[in-house]
Amino acid sequence: MIETILKRVIEQKGEVSFQEAVELAKEPNKDLLYSAANEIREKFCGNALDTCSIINARSGLCSEDCKWCAQSAKHKTDIETYPMVSSDEVFECALQNDIKGIKRFSMVTSGRKVGKKDMEKFCEMYKRVREKTNLELCASMGLIGKEELLMLKEAGVKRYQCNLETASSFFPKLCTTHSTEEKKAVLRTARECGLEPCSGGIIGMGETFEQRVELACELRELGIKSVPINILNPIKGSALENAKPLTDEDILTTIAVFRFVLPDAFLRFAGGRINMSQDLQKKALQSGINAAMVGDLLTTLGTSVDKDYEMFKELGFTP
């Protein structure tokens, strides 16, 4: 089955159906599955590895009730909370990322959305970064509307990030204060405004594998080409603090199947990578991953950028 589907994807960029993707996950020869996914990545994306970094520009005290999130006011976690970082802090962080050769820089904010007055301040920060660095700019600021998206575009932002997080069929069990459809509307509006939409999800929150495939198919339907794949990092005090860890096979199989469904997308290492062994990270990079968020990640510490670059180059990637 794998050989037939692989040939169709490679030769015709044929679309993998939901049921085919589910069946691929059941393939007993996992090495064959991972190798086929890597072949698809090489065919459609080459060896360029896309890097990005983020700064937590507004932390905690979020009104939303997302069960996975340490920043929700519904949870009692030990994260640092603050209303807005300073322009100097944003600029210094961006400058260091530029020096390291990281391609893209994003501000990420807690809360349902950023209002117009705060957006004006963030846009001034983006303009400063744009003028003084070579970084491409991204933003992740919640369920904002067309006016705010156009403000970001005018400030030099090229990509807007809003994770679906999980399949539509599972999302209501994890969050009741907003919906998948609201997220999709933001992504569609971002594209209408001339911004590239970025969206992915978190695996390991209790979803079935079929629901992971559902998420991949929803992202394909939206035409998403930058797809962060997060592995749940259970935070003490959050609703999912006791979630069962995923196995290495769960992680690699998910990545490989996502590659079959999204052959030419940037599948991006994101949150939770800090808990993966070096060996597992290397296997993931040979199973479909071709992008990475590097440096610190929101409320958790990331890995050394230099060590990441060494690993990427060792496996034949060009960051």
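Let's start at the second largest pocket: its lining divides into nine nonpolar residues, three polar and two charged. Here Ala, Val, Leu, Ile, Met, Phe, Trp, Tyr, Cys and Pro count as nonpolar, Asp, Glu, Lys and Arg as charged, and the others, Gly among them, as polar.

Some ground rules. This is a predicted model, where local features need pLDDT of at least 70, side-chain atom pairs count only at pLDDT 80 or more, and totals for chains, interfaces and linings use all residues. Numbering runs from 1 along each chain as its sequence is written, and side-chain values use heavy atoms, with hydrogens and water left out.

Back to the pocket. About 210 Å³ of space lies in it. Of the 14 residues that line it, Ile231, Leu232, Pro245, Leu246 and Asn275 are the closest to its centre. A pocket, on a 1 Å grid over the protein atoms alone, is an open set of points where a 1.4 Å probe fits, with protein on both sides within 12 Å along at least five of seven lines; lining residues have an atom within 4 Å of a point. The volume is the space filled by probe spheres set on the points, which are joined across faces, edges and corners.

Take Leu246. It lies in the loop between β7 (226-231) and α9. Helices (H or I, at least four residues) and strands (E, at least two) are DSSP runs, numbered from the N terminus. Beyond neighbours within four places in sequence, Leu246 is in contact with Ile203, Gly204, Arg212, Ile231 and Ile251. Contact means heavy atoms within 4.5 Å.

Now the core. The largest nonpolar core has 88 residues, and Met107, Met141, Leu152, Tyr160 and Phe260 have the most contacts inside it. Helix α9 (residues 248-261) gives the most, eight residues. Such a core is a set of buried Ala, Val, Leu, Ile, Met, Phe, Trp, Tyr and Cys residues joined through side-chain atoms within 4.5 Å. Buried means under 20% relative accessible area, with a 1.4 Å probe and protein chains only.

In α2 (residues 18-25), Ala21, Val22, Leu24 and Ala25 are buried. They sit on the same side of α2, because they cover an arc of only 155° around the axis. That arc is taken from the directions from the helix axis to the C-beta atoms. Their cover includes α1 (2-12), α3 (30-45), α8 (209-221) and α9.

In α10 (residues 278-285), the buried residues are Leu280, Gln281, Ala284 and Leu285. Their arc is only 140°, so they share the same side of α10. They pack against α3, α9, β8 (266-269) and α11 (305-314).

Key. Buried < 20%, exposed > 50% of the residue type's maximum accessible area, 1.4 Å probe, protein only.
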